[in-house]
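Work through the exercises below with the sequence and the model side by side, and try each task before you read its solution.

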Amino acid sequence: CRAESTYQGLITENPVFLEPLAAEIIPRAALGLEFKTDYVLRRHDGRYVVVEIEKPQDQLFTRANDFTAEFTHATGQILDFQQWVVDNVAYAQRHFPGIRTPSGMLVMGMRKRLSERQLQKLERWQFNSNAIEVLAFDDLATRASAVLASLLKPA
């Protein structure tokens, strides 16, 4: 059971796992004096994403298939980051040019530990939350492997 900072360090050293096509990934980005994100990433199309990283061993669901307090807290942090940018857009744009209404990303838990019912519930939550993407740590590895395989395909 490692500290969250261990996983953040791994992603900082290998940002391709977080977003293979990001134009820029900024670790520990400050949002004024109020908040510090784990990451802010800027996509090539100029859109921004605020990112919260938890731990692979953190659970997304309780035994009763409800979202855990840790999941709720983490998504709440992302909502706070998004609201801060909206409330302080002029200040935010001095540090993140063009930012207006960032989407969010939460990396937490492991998809392989989820039951079929939990996977379906997470999919429904994701469908209804257009602004926050939830990825498990094994999703990052799967996505990176797919990008690598695509890059290595003969033309």
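A nonpolar core is a set of buried Ala, Val, Leu, Ile, Met, Phe, Trp, Tyr and Cys residues joined through side-chain atoms within 4.5 Å, where buried means under 20% relative accessible area, exposed over 50%, and partly exposed in between, with a 1.4 Å probe and protein chains only. The model is predicted, so local features need pLDDT of at least 70 and side-chain atom pairs count only at pLDDT 80 or more, while totals for chains, interfaces and linings use all residues. Residues are numbered from 1 along each chain as its sequence is written, and side-chain values use heavy atoms, with hydrogens and water left out.

**Exercise 1.** Describe the largest nonpolar core and the elements that build it.

Solution. Begin with the core itself, which has 22 residues, and in which L60, F96 and L106 have the most contacts. Next, look for the helices (DSSP runs of H or I, at least four residues) and strands (runs of E, at least two), numbered from the N terminus. Those that give two or more residues to this core are β5 (48-53), α2 (69-87) and β7 (132-135), and the largest share, six residues, comes from α2. Apart from this core lies another, of 14 residues, including Y39, V49, V51 and L140. In soluble globular proteins, nonpolar side chains tend to be buried together.

**Exercise 2.** Which residues does L106 touch, once its neighbours within four places in sequence are left aside?

Solution. Contact means heavy atoms within 4.5 Å. By that rule L106 is in contact with E52, E54, F71, A74, T75, I78, E133, V134 and L135.

**Exercise 3.** Is N65, a residue with positive phi, buried or exposed?

Solution. Phi of N65 is near 65°, a positive value in a residue other than glycine, and N65 is found in the loop between β5 and α2. Its relative accessible area is 14%, so N65 is buried.
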